[in-house]
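Please look over the protein chain shown here. A short report on its fold, surface and selected residues is wanted.

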Amino acid sequence: MVKLYKSIMVLMLSIITLAANAVNFTINVDDPERVKVSVAYEEKSIVAGDNVFDVAEYSQVVIEAKAGTLIQSIVRTSDGGSEYITNMTSCNLYVSSYNEGETWTVTSGMEADVRTGVCRVTVDDASKVRIQRNGTYSAVTLNDGLNEVRYIPGTETQLMIASSNYGTSLYKVTHNGNTLEAQYNTWYVNLTGDDEVEILANFPDINVPVHFVYADDESKGFITGVTVDATQVDNYNDEDFSVKAGTSITISGNTTDYALDELTINGAPVTYFYGSYTTNITEETTISVKAHKYGTISATLNIDDPANMNVYRGYSYNGELISGLVSGQNTIEVSETNTTISIVPQSGCYITSVTDNEGQSYYADYNGSYTVTLKDGMTVNIVSGAISRDSKAIVYIDNRSAAAQYFSFTRNDHSEVDLKSGYNTVEFYSGDNPMGLSWYGAPYANVFLNGETVAPMYEGSTSYQISVENGDVLKIYLASNPKTYGVTFSMDDKINAGEISVKRDIMTTVADWAGGFSVLQGTQIDIAAENVSVTVNNETVVPVDGIFTFVVSDNTNVSIAIPTAINDTKAADNNGRHYVYNMQGMKILDNADAINSLPAGVYIINGKKVVVRK
């Protein structure tokens, strides 16, 4: 019964949710034979008058004109506003709860009834001509001879005329007897209501002179070739060079070795030249060229120590290294096509400053590269140094792989520091600060510097800027929210605490350790002491090189004692036999000559502590 009740409740909630997300609206259509309506990509059956729809919120509604018809307006009843109609043929609506109860009224008409304006267009070769009505961008079908082009007054008030073949031109277009000028091979005819347009697509069969004029002899080297209707010609510099009217000419130029200062065609400047330029020759044409070969500019690099840096032509990733630099002044030349140089510190070095003779300072980008755009006669001063990373910090990570998507720890120069799970010793100098720490994909974000919480650069992020000093301990917990545990000590009365050293996190000496202290989970503790035994929470710790090491994972009690077994162990007897004891005072061997068979560990042999390594 309880399950049935829950099922009914879920169903009712689903119905309420669907109802809340549904939108009810109406489309009023004047003639369903002229319009079709699609909702969520499905065409709907409609009638003249109101058509009521109930659809999911944010559904797409498309209202389209059928063939031979136009949509004149779509008006909202709520505010009287009109919807945008693309080319008078289609309108896209996206309904939301804001449109609940809205009515859209659609007014349509047959093209022949709506296009009441008439323009007479005469064409010699309709196959070469393309016409569109501006306003709706609808195409006009032409025949050779006289055509009546119909248009909508007030909407389609301009005809756009061009060649049907891209890159070619028409010979002439006149409007009411006046010759029109083309704009980028397109003629625009503004309709006034009594219009006669004549289009001559075919050029007269005449030769048209073409003159190439150069500013100087150097400019002549810029042109690398000329084609006439895609056919290469070599005589374009001849005085009698000519082409048929309507011909397409393509001019190619050497933009690698030359700078194009000016290119004009009958005095009109060519604004963009990307290796070539195509123009249609309709009349006698003069092509003027002014260009010069790229030269070099000279600059001086004043360097304190070239061993500290690499200098590149262009950007460093292009790899064009400038070699042979010396301490002091270096004269370099670069092409005026690329006056940029990049200064990058060598590994283990840094750039202190980059300035020019005008006092401008330059700064490193995110890759540590200094980019300078040279000018002729410019001096660039570079001060550098070799890094001495004589400071050390400890960086601990509980689980590096917990940052499944990304992890980064970088110096101030953006160079990466490789960190692994556990403890890492990071060598640095002051210029490495602040260091950058960031990651993605870890379940937790806990960062501590010397036990104090470090906040991210902005709330909710996992990006940090951290400055460290010599001896600092940075801890990063990606896989857990760390707990803090207490470490307490108990000692034999005979032990002198001053002869024992305790460190946490590998390099931090703990003062007054005997009174106990607190640490974050995962902290490593090292105890340096001789002739003692150490147990941690009743577990014996075996020293290595006199160091007792353990990791804190709970509240911890450390017991430091003088093993009674050490005082009781015997030296060699009168027969030359030797005795071997473990640190708990238990006899292991009667014959010390067999110590090679002992496993690795710490033993008392002949009354002395001996470490056996394997």
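The report below goes from the whole chain to single residues.

## Overall build

This is a predicted model. The protein chain holds 4 helices and 56 strands. Its radius of gyration is 44 Å. The globule rule gives 25 Å for 614 residues, so the chain is more spread out than a compact globule. Along the principal axes, the C-alpha trace spans about 135 × 95 × 45 Å.

Contacts tell another part of the story. Take those between residues at least 6 apart in sequence: 66% of them join residues at least 24 apart.

## Burial, surface and charge

Of the 614 residues, 42% count as buried. The accessible surface of the chain comes to about 33,500 Å². Carbon and sulfur atoms account for 46% of that surface.

The charge count is 37 positive and 73 negative side chains. The centres of these two sets lie 12 Å apart.

## Cysteines

A disulfide is a covalent bond between the sulfur atoms of two cysteines. How many disulfides does a search of the whole structure find? The search finds 0.

Cys119 has a relative accessible area of 0%, so it is buried. Cys349 has 9% relative accessibility and therefore also counts as buried, the cut-off being under 20%.

## Two buried loop residues

Leu419 sits in the loop between strand S37 (406-410) and strand S38 (422-428). Is Leu419 buried or exposed? Its relative accessibility is 5%, so Leu419 counts as buried. Setting aside neighbours within four places in sequence, Leu419 is in contact with Val395, Ile397, Arg400, Phe407, Phe409, Asn424 and Val426. Phe407 and Phe409 fall within the range of S37, and Asn424 and Val426 within that of S38. Tyr396 is 23 residues from Leu419 along the chain, and the two C-alpha atoms are separated by 8.6 Å.

Val270 is found in the loop between strand S24 (268-269) and strand S25 (276-281). At 15% relative accessibility, Val270 counts as buried, because the cut-off is under 20%. Which residues does Val270 touch, not counting those up to four places away in sequence? They are Leu263, Thr264, Ile265 and Tyr277. Tyr277 falls within the range of S25. Thr107 is 163 residues from Val270 along the chain, and their C-alpha atoms are separated by 47 Å.

## Backbone points to check

Start with the peptide bond from Asn433 to Pro434. This bond is cis, with omega near -5°. Pro434 is placed in the loop between S38 and strand S39 (435-440).

Next come two residues with positive phi. Met88 has phi near 60°, and Met88 is a residue other than glycine. Met88 lies in the loop between strand S6 (69-76) and strand S7 (90-94). Its relative accessibility is 11%, so Met88 counts as buried.

Asn450 has a positive phi of about 55°, although Asn450 is not a glycine. Its place is in the loop between strand S40 (446-449) and strand S41 (452-453). Is Asn450 buried, exposed or partly exposed? Its relative accessible area is 40%, so Asn450 is partly exposed.

Terms used. Residues numbered from 1 in each chain as written. Predicted model: local features only at pLDDT ≥ 70, side-chain atom pairs only at ≥ 80, totals over all residues. Heavy atoms only, no water. Rg over C-alpha atoms; globule rule 2.2 N^0.38 Å. Buried < 20%, exposed > 50% of the residue type's maximum accessible area, 1.4 Å probe, protein only. Contact = heavy atoms within 4.5 Å. Areas by Shrake-Rupley, 256 points an atom, 1.4 Å probe, with all protein chains shown as cover. Lys, Arg positive; Asp, Glu negative; His and termini not counted. Charge placed at Lys NZ, Arg CZ, Asp CG, Glu CD. Disulfide = S-S within 2.5 Å.
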